[in-house]
Amino acid sequence: MARIKDIAARAGVSVGTVDRVIHSRGSVAKEVEKKVKEAIEELGYKPNLAARSLAKRTDHRIAVVLPQHTKDEFWGNQTQGILRALDSCKNFGLRGDILSFNDQKNGELLKLTDSIFDGSYEALLIAPTVTGEATELMDRCESSGMPYVQINSFIERD
């Protein structure tokens, strides 16, 4: 995995210059900016979001939308696994909340819409067990630019 130091060495510039180009801060000569961007492309640089979160001390929050599991061992086990995964990621700035809905009642999934899109969450992890409502929710994610991942079921998207 390429680091900012590697990009700087390849482009023949300082680490600070690479940082300014990556984060669009300050002025950098067009020719230098081009060299840095070429080095980024050549090295396949991808920012390390965990390191960035640690450095900025920021959290990224995801909404985890699952069917209620009071009498369902399957979803209870899924919930426990997701909670363990979230716990292991908290030191890297990832937080999540499990939002549950009754998948046996029409409209219950969509009742979570306001909570999901109130600005608290940056991404959605959803078990789309109610196809029509889940499709509507994922459409809203796409129109707002919120990334989402489907688990357990899969609804084909365009």
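Gln150 is buried, with a relative accessible area of 15% (buried means under 20%, exposed over 50% and partly exposed in between, using a 1.4 Å probe and protein chains only). This is a predicted model, in which local features need pLDDT of at least 70 and side-chain atom pairs count only at pLDDT 80 or more, while totals for chains, interfaces and linings use all residues. Residues are numbered from 1 along each chain as its sequence is written, and side-chain values use heavy atoms, with hydrogens and water left out.

Gln150 belongs to strand β4 (residues 148-150); strands (E, at least two residues) and helices (H or I, at least four) are DSSP runs, numbered from the N terminus. Setting aside neighbours within four places in sequence, Gln150 is in contact (heavy atoms within 4.5 Å) with Ile126, Pro128, Met138, Ile155 and Arg157. A polar atom of the Gln150 side chain also sits 2.6 Å from the backbone nitrogen of Ile155. As for Thr129, 21 residues away along the chain, its C-alpha atom is 9.9 Å from that of Gln150.

## Thr79, inside a helix

Over in helix α5 (residues 73-89) you'll find Thr79. Is Thr79 buried or exposed? Thr79 is buried, at a relative accessible area of 5%.

The Thr79 side chain has a polar atom 2.8 Å from the backbone oxygen of Trp75. Beyond neighbours within four places in sequence, Thr79 is in contact with Leu66, His69 and Ile98.

## How α1 packs

Two packed helices are described by the angle between their axes and the distance between the axes. Here the axes are lines fitted to C-alpha atoms, for helices over the stretch in contact, and angles run from 0 to 180 degrees between N-to-C directions. Take helix α1 (residues 4-11) and helix α3 (residues 30-43): they pack at about 120 degrees, axes 9 Å apart. That makes α1 and α3 oblique to each other (under 35 degrees is roughly parallel, over 145 roughly antiparallel, 65 to 115 roughly perpendicular and the rest oblique). From α1, the contact uses Asp6, Ile7, Arg10 and Ala11; from α3, Lys35, Val36, Ala39, Ile40, Glu42 and Leu43.

α1 also packs against helix α2 (residues 15-22), at an angle of about 105 degrees and with the axes 8 Å apart. So α1 and α2 are roughly perpendicular to each other. Ile4, Lys5, Ile7 and Ala8 of α1 meet Val15, Val18 and Ile22 of α2.

Note on methods: A polar contact is a pair of N or O atoms within 3.5 Å; within protein, one must be able to donate a hydrogen and the other to accept it, and residues adjacent in sequence count only if both atoms are side-chain atoms.
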